[in-house]
Amino acid sequence: MARALHLFALLITLLLGPTAFAQERGPVVLAAASLQESLTEAANAWAAKGHAKPVISFAASSALARQVMAGAPADLFLSADEEWMDAVAKAGLLRAGTRTTLLGNRLVLIAPASSKVRLTPARGFALARALGTGRLALADPDAVPAGKYAKAALTHLGVWTSVAAKVAPAENVRAAMALVERGAAPLGIVYATDARASKAVRVVGVFPASSHPPIRYPVALLKASRSRDAAGFRAFLLSKQARAIFVRHGFSAP
């Protein structure tokens, strides 16, 4: 963890430049990997208003939460689930009164764009047979939100035990999608917004919302934040303009 924290600090330093910390800088944002396109667009819209552009680090919510708890310098945390935000809150690292639900999402089954597989997620569906000798690409189901949602859905639908040995766990949801994009896995489970961002995959089916816990993205300021723009950027993310950006990328707004 110490090495990971050092590498994170080095990355932020390189992104911001050698004199950035002596100057006014944009807030450092730790954000779930599934927010890449949408949050980048929102950050650009914020910068277009004359603010310093936020510096965003995308990764699995689990990895980001651990970085925060290890003391990584950052201003905002956007998680893809409530549990990792809960962990940061229990560590006493959130600024009081700033946690709120920002977005929602859906869970989908994907295949390479050229695949002819037809399969509808439902109770007892033939996922193992569709996989054959192939693997099922998931974000790590023991830690990463997208993988945890996927395991919950497959368990609820009664097929987890039939595919557990076929799972190819990835470090985050985008890494899981990459396995499907390059044909290393015939099927994968990602968020609907991830599939929408790639032309190399197609959605085979959408998981029933009742098959897994609600997919919610909470946002909060970190207690250690020193950025004068952090609160303003958080407020912007909750604004009508930013919500429209997220909805255009396929997210739902509460």
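## Before we start

Residues are numbered from 1 along each chain as its sequence is written, and because the model is predicted, local features need pLDDT of at least 70. Side-chain atom pairs count only at pLDDT 80 or more, while totals for chains, interfaces and linings use all residues, and side-chain values use heavy atoms, with hydrogens and water left out.

Let's begin with an open sheet of 5 strands, in the order 2-1-3-10-4 and with mixed pairing. Strands here are DSSP runs of E, at least two residues long, numbered from the N terminus, and two of them pair if DSSP finds at least two bridges between them. At the edges sit strand 2 (55–59) and strand 4 (100–104), each pairing on one side only. On average, neighbouring strands of this sheet are turned by 20 degrees against each other, direction ignored.

Strand 4 is joined to strand 10 (residues 216–221) by 4 bridges, in the antiparallel sense. Look for L103, which stands opposite Y217 in strand 10.

## A helix across the sheet

Helix 10 (residues 230–237) lies across strand 1 (28–32), strand 3 (76–78), strand 4 and strand 10. Its direction is at about 30 degrees to strand 3. A helix is a DSSP run of H or I with at least four residues. Angles run from 0 to 180 degrees between N-to-C directions, using axes fitted to C-alpha atoms, for helices over the stretch in contact (heavy atoms within 4.5 Å).

## An enclosed strand

Is strand 5 (residues 107–112) largely enclosed or open? 6 of its 6 residues are buried, so strand 5 is largely enclosed by the rest of the structure. Buried means under 20% relative accessible area, with a 1.4 Å probe and protein chains only.

## A pocket and a cavity

On a 1 Å grid over the protein atoms alone, a cavity is a set of points where a 1.4 Å probe fits but cannot get out; a pocket is an open set with protein on both sides within 12 Å along at least five of seven lines, and lining residues have an atom within 4 Å of a point. The largest pocket has 15 lining residues, with A72, P73, A74, A224 and S225 nearest its centre.

The whole structure has 1 cavity of 30 Å³ or more. Of the 13 residues lining the largest cavity, S61, A80, V144, V173 and Y191 are closest to its centre.

Methods
Buried < 20%, exposed > 50% of the residue type's maximum accessible area, 1.4 Å probe, protein only. Points joined across faces, edges and corners; volume = space filled by probe spheres on them.
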